[in-house]
Amino acid sequence: MTETTTLDDQDLPQTWSRRYADNLLGVFGSPQMCLVSGHGCHVTDAAGNSYLDLLGGIAVNALGYAHPAWVKAVSQQAATLAHVSNFFTTPGQLALAEKLLQLAEAPEGSAAFFCNSGTEANEAALKIVKAHHRGGRVIALEHAFHGRTLGALALTHKEIYRKPFEPLGAEVTFIPAEDPDALEAELVQGDVAGVFLEPTQGEAGVVPLSLEYLQSVRTLTRRHDALMVVDEVQCGMGRTGRWFAHQAAGITPDVMTLAKALGGGFPMGATVTFGSQITGILTPGQHGTTFGGNPLACAAALSVISTIESDDLLDHVRTIGRHLVDSITGIHPQVVEVRGSGLLLGVQLASPIAADVVTAARGAGFIINAANPSTIRLAPPYILTVQEADSFISALPGLLDAATTTQKEN
Ligand SMILES: *Cc1c(COP(=O)(O)O)cnc(C)c1O
């Protein structure tokens with residue numbers, strides 16, 4: 001018999017934080033709390049405190065926590081057929097691929113590849129780009145975040161993430177966003193295989209690219225035979241109030257990557273190729289995965305999509321997103337602007353107090369995120385009610401006051 005820890009012991013912050021420090025790799029720093037359950041838009045920590053979660057597992061929990069449709073789909077599938085490998089297909093995998101292509105308005109010959117995370121979705125996209133133009137360079141945008149594995153990391157702009165691990169999986173040139181001339185100057189050199197961008201740059205602090213810029217990138221990449229990859233890992237799957245953020249620009253990309261909200265909390269990613277030419281770039285054997293697209297993941301994703309449709313959640317995301325933007329804009333001298341659309345919002349602050357605002361919010365029962373030192377990110381579940389949004393809106397001025405005071409004391 002091993003020694004058992006009592007529930008009381010586990011409740012003590014010093015206990016779980018010590019056990020974490022003793023047993024988990026330190027890449028995430030110290031966790032803010034130890035969570036034990038969730039329901040709707042609320043989570044409960046080990047000490048029994050409840051929080052309104054406006055971060056949603058970083059834009060993942062589209063249906064919140066323990067949504068009945070998701071729980072039913074996942075538990076029924078777990079009791080039926082959980083995993084089979086890609087030697088076989090399953091009804092859910094077929095249905096999910098068909099549904100995603102329909103939602104993406106993808107032309108004849110388009111296809112989906114399923115994997116388990118955003119970085120993996122981008123790895124597949126990168127292999128498509130590299131196979132399209134062997135030896136070519138890849139263009140990514142300044143402030144881009146595309147993931148942490150060695151290919152996706154090469155596309156991620158932050159030097160502190162990238163430098164220690166070079167050489168990485170691709171030769172990447174970073175250019176400023178919103179500057180079509182900078183892109184064209186690279187493309188005319190003739191050695192560019194593809195361009196990666198996030199229609200809304202999430203980790204950068206929720207910075208939406210203009211529709212005109214997205215359209216220019218589409219025109220220029222077509223003209224110079226470079227692939228256009230839209231990374232919708234964070235901004236896709238209804239997050240901005242449309243199924244996919246690039247659709248606002250009326251463009252068809254060559255490749256789109258998805259993850260985060262796709263599985264509604266079940267780990268899942270997808271790479272979508274648009275049109276038969278792009279679909280045909282990778283041939284049998286050139287890519288693969290053991291877990292990707294297994295029946296459990298597909299059942300989770302199908303339940304997310306069907307609930308968004310049956311409950312009119314895209315409409316709700318747009319309405320409640322607008323309400324948050326309208327209410328937070330000008331609410332306090334610290335609020336410079338509110339960026340983004342739907343339920344992916346960045347609140348730009350006048351000074352770098354975002355971390356203190358996060359701490360103050362936690363003390364008041366709200367989970368929010370500091371995307372960077374002066375930006376608060378909100379990415380709540382799509383089921384957030386007006387009442388829940390209003391409880392945060394009315395608390396916000398006090399949280400900003402508290403953070404400003406903390407800042408002055410330090
Ligand atoms: C989160 C994110 C990724 C990486 O996804 P993981 O599932 O963490 O690997 C890639 N691109 C964007 C835009 C993201 O927001």
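Me: What volume does the second largest pocket have?

Reply: This is a predicted model, in which local features need pLDDT of at least 70, side-chain atom pairs count only at pLDDT 80 or more, and totals for chains, interfaces and linings use all residues. A pocket is an open set of points, on a 1 Å grid over the protein atoms alone, where a 1.4 Å probe fits, with protein on both sides within 12 Å along at least five of seven lines. With volume taken as the space filled by probe spheres set on the points, the second largest pocket comes to about 580 Å³.

Me: Which residues that line the second largest pocket are the closest to its centre?

Reply: Lining residues are those with an atom within 4 Å of a point, and 23 residues line the second largest pocket. The closest to its centre are Ala111, Ala112, Phe113, Phe114 and His287.

Me: Which element gives the most to the lining of the second largest pocket?

Reply: Helices (H or I, at least four residues) and strands (E, at least two) are DSSP runs, numbered from the N terminus. Elements that give two or more residues to this lining include helix 5 (91–103) and strand 12 (269–273). The most, four residues, comes from strand 4.

Me: What is the volume of the largest pocket?

Reply: The largest pocket is lined by 46 residues, and among those nearest its centre are Phe28 and Arg377. Its volume is about 1600 Å³.

Me: How far apart in sequence are the parts that Arg137 and Asp191 tie together?

Reply: The side chains of Arg137 and Asp191 meet at 3.0 Å, N to O, in a salt bridge (a side-chain nitrogen of Lys or Arg within 4 Å of a carboxyl oxygen of Asp or Glu). Arg137 lies in strand 5 and Asp191 in the loop between helix 9 and strand 7, so the parts they tie together are apart by 54 residues.

Key:
Residues are numbered from 1 along each chain as its sequence is written. Side-chain values use heavy atoms; hydrogens and water are left out.
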